[in-house]
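Have the viewer open and follow along.

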Amino acid sequence: MPELPEVETIVKGLKKEIIGKKIIEVLINCEMIIAYPDIEDFIKEINNRVIFDIYRRGKYILFKLDGSKIMVIHLRMTGKLLIKNSSDNIDKHTHIIFKFDDKNELRFNNIRKFGRVYLINDDEWENAGGLNKLGPEPLSKEFTLKKFKEALSSRKAKIKALLLNQKFLAGMGNIYTDESLHEAGIKPDRRADMLKDVEIERLFYAIKKLLKEGIQYGGTSFSDYVNAIGEKGSFQHKLKVYQREGEKCLRCDHKIIKDKIAGRSSYYCSHCQN
DNA sequence: CGAGGTACCTGACAGC
DNA sequence: TGCTGTCAGGTACCTC
């Protein structure tokens with residue numbers, strides 16, 4: 001469900017609410033979500049840790065704990081992290097509850113159970129899913145037009161597939177990929193190494209723009225995305241192609257097409273994306 | 001390396 | 001009402 005702007009929004013909310021809190025108990029209702037280490041060690045190791053800091057890398061959320069421990073959470077498709085009071089009703093799909101020493105709780109809610117939680121030492125990044133293999137952060141200074149051009153020039157994959165590939169670029173998902181390609185006037189099935197310089201430039205700035213706007217609007221909420229305190233985002237009102245099949249392109253009036261590209265449903269304008 | 005398929009899981013929705 | 005099929009914001013894994 002969440003892409004970079006949604007995860008960023010969730011992290012902002014978490015930072016405001018739970019930095020400095022101590023985890024005094026963890027309840028696990030769905031063991032498959034704990035990916036590393038095994039359940040017993042996870043519970044033993046996380047108990048009584050204080051949350052020093054929370055930050056984002058790609059679509060991963062990292063909780064820096066005392067004792068050089070880091071808890072890593074990936075929400076995948078339907079994951080939510082919600083700050084609740086211990087007296088609040090517990091939703092059916094709440095699979096993990098982190099209890100703090102002040103009656104507050106962090107609840108991991110995850111309808112489809114695809115999300116994963118890892119607890120690692122700060123020198124074992126290889127045990128946190130694909131975290132250590134992520135590509136550059138698209139909003140960082142390290143992600144430059146020059147590097148983007150170079151990286152694309154040797155790739156024969158479809159540009160859509162490449163933008164979704166987290167090892168190539170961290171944080172883009174189906175929505176922001178389609179929106180960026182529309183903004184840049186590029187059809188999603190174009191070969192990366194065949195893009196012209198001017199197109200790459202447009203795409204580069206489109207990615208940064210769309211991600212920043214997504215963050216500004218608190219993310220995109222279709223069915224179930226909410227931030228850490230349960231609020232919806234509003235970027236769904238700003239989307240120009242995603243989920244607008246059959247409607248008119250807001251730039252050129254032609255029809256928005258829905259097609260399967262790179263294994264994902266893809267929305268693009270039949271006229272102004274080439 | 002890359003394409004294309006499957007799998008993981010649950011719920012919403014369309015069509016019959 | 002209820003069954004069946006399809007789809008969903010993500011990623012890992014498999015084969016070719």
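Lys-196 is exposed, with a relative accessible area of 52%. For that label, buried means under 20% relative accessible area, exposed over 50%, and partly exposed in between (1.4 Å probe, protein chains only). You'll find Lys-196 in the loop between α5 (174-184) and α6 (197-216); helices (H or I, at least four residues) and strands (E, at least two) are DSSP runs, numbered from the N terminus.

Lys-196 also belongs to a positive surface patch, together with Arg-202, Lys-238, Lys-240 and Arg-251. Patches take residues with over 30% relative accessible area and no salt bridge, joining like charges within 9 Å and nonpolar side chains (Val, Leu, Ile, Met, Phe, Trp, Tyr) within 5 Å. The place of a charge is NZ of Lys, CZ of Arg, CG of Asp or CD of Glu. Lys and Arg count as positive and Asp and Glu as negative, while His and the chain ends are not counted. Areas come from the Shrake-Rupley method with a 1.4 Å probe, and for residues only the protein chains shown count as cover.

## What you're looking at

This is a predicted model, where local features need pLDDT of at least 70 and side-chain atom pairs count only at pLDDT 80 or more, while totals for chains, interfaces and linings use all residues. Residues are numbered from 1 along each chain as its sequence is written, chains are lettered from A and ligands numbered from 1 in the order in which they are written, and side-chain values use heavy atoms, with hydrogens and water left out.

## Salt bridges

The whole structure holds 18 salt bridges, each a side-chain nitrogen of Lys or Arg within 4 Å of a carboxyl oxygen of Asp or Glu. Take Arg-56 and Glu-8, whose closest N and O atoms are 2.6 Å apart. This pair links distant parts of the chain, since Arg-56 sits in strand β3 (residues 51-57) and Glu-8 in helix α1 (residues 4-18), 48 residues apart. Both Arg-56 and Glu-8 are buried.

Next up is Glu-183 with Lys-209, at 3.0 Å between the closest N and O atoms. Glu-183 is in helix α5 and Lys-209 in helix α6, so the bridge ties together parts that are 26 residues apart in sequence. Glu-183 is partly exposed at 27% relative accessible area, and Lys-209 is partly exposed at 32%. Arg-190 pairs with Glu-199, with 2.9 Å between the closest N and O atoms. Here Arg-190 is buried at 19%, and Glu-199 is buried at 6%. Elsewhere, salt bridges with shared partners join Glu-8, Arg-56, Arg-57 and Glu-137 into one network.

Check the peptide bond from Tyr-36 to Pro-37: it is cis, with omega near -10°. Pro-37 is in the loop between β2 (34-36) and α2 (39-46).

Arg-76 isn't a glycine, yet its phi is positive, near 45°. Look for Arg-76 in the loop between β5 (69-74) and β6 (79-85), where it is partly exposed at 40% relative accessibility. Asp-253, not a glycine either, has a positive phi of about 80°. Asp-253 is in the loop between α6 and β10 and is partly exposed at 49%.

## A buried asparagine

Is Asn-227 buried or exposed? Asn-227 counts as buried, at 10% relative accessibility, and is found in the loop between α6 and β10 (256-261). Leaving aside neighbours within four places in sequence, Asn-227 is in contact (heavy atoms within 4.5 Å) with Thr-9, Ile-10, Leu-81 and Leu-82.
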